[in-house]
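Okay, thanks for coming, everyone.

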Amino acid sequence: MDKQNLFDPFTAKKAKIKIPDLAVFAADTAIPVTWWHALSYHEQDDSLAFRAAWVLEHIAAYYPERFSSVFADFLSRLPDQRNRSCQRHFTKILMMITDPKAPDSYRDAYLQTDRERLAETVFGWLIDTSTPVAVQVNCLDILYNLIAEFDWIKDELKQQTEYLLREGSAAMQSRGKKVLAKLSKSKP
């Protein structure tokens with residue numbers, strides 16, 4: 001399939017596009033990463049934004065040197081992301097960025113950003129009752145990764161996780177218990 005024929009279903013509203021096709025987009029250096037990032041905020045077509053966010057996540061995971069070109073903009077625009085499906089991909093990217101084993105390019109760029117704003121945004125998504133569980137459980141991991149930077153996160157994360165476990169889904173039970181276990185082992 002040539003690039004134009006591959007791109008047509010990506011932009012079609014009711015298209016069924018397959019994951020390998022999206023991976024091809026992520027590998028294509030002719031399409032700027034800034035384009036995928038901008039498309040992930042597309043408000044008129046949620047499925048288009050979702051596909052773009054998936055490609056952006058794939059780029060962040062497999063081509064960190066390319067993702068670095070949008071790193072600062074990604075973090076600065078993060079609070080504006082309202083699409084819950086895109087938030088899922090964005091939180092997966094944030095898990096990579098905040099991971100202690102993140103690539104050096106991510107760690108260096110991360111230190112130049114407003115990390116408190118990042119923590120507040122992610123915590124806001126966590127406590128929002130309309131946030132899907134898949135996003136919330138990713139938020140737990142991101143916030144856990146930030147506990148060494150912000151004094152307030154550890155206690156708040158523990159309390160919120162315990163609250164979410166009360167009536168949480170299987171996914172929340174699994175991830176929440178893991179986060180609580182890690183919190184209990186971390187230094188005060």
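I'll start with the overall fold, then take the last helix, one lysine and a pocket.

Quick housekeeping: this is a predicted model, where local features need pLDDT of at least 70, side-chain atom pairs count only at pLDDT 80 or more, and totals for chains, interfaces and linings use all residues. Residues are numbered from 1 along each chain as its sequence is written, and side-chain values use heavy atoms, with hydrogens and water left out.

So, the fold. We have 12 helices and 0 strands, where helices (H or I, at least four residues) and strands (E, at least two) are DSSP runs numbered from the N terminus. Of the 188 residues, 45% are buried; that's under 20% relative accessible area with a 1.4 Å probe, protein chains only, while exposed is over 50% and partly exposed is in between. Take the contacts (heavy atoms within 4.5 Å) between residues at least 6 apart in sequence: 67% of them join residues at least 24 apart.

Now helix H12, residues 170-185. Its 16 residues reach 23 Å from first C-alpha to last, close to the expected 22 Å, the expectation being 1.5 Å times one less than the number of residues. Which residues of H12 are buried? Met172, Gly176, Val179, Leu180 and Leu183. They sit on the same side of H12 because they cover an arc of only 105° around the axis, taking directions from the helix axis to the C-beta atoms. H10 and H11 are among what covers them.

Over on H11, have a look at Lys158. Lys158 counts as partly exposed, because its relative accessibility is 39%. Ignoring neighbours within four places in sequence, Lys158 touches Leu180 and Leu183, two of those buried H12 residues. Lys158 and Ser184 are 26 residues apart in sequence, yet 9.1 Å apart C-alpha to C-alpha.

Last stop, the largest pocket, at about 240 Å³. A pocket here is an open set of points on a 1 Å grid over the protein atoms alone, where a 1.4 Å probe fits, with protein on both sides within 12 Å along at least five of seven lines; lining residues have an atom within 4 Å of a point. The volume is the space filled by probe spheres set on the points, joined across faces, edges and corners. There are 15 lining residues, with Thr129, Gln136, Tyr163, Leu164 and Glu167 nearest the centre. H11 gives the largest share of the lining, 4 residues.
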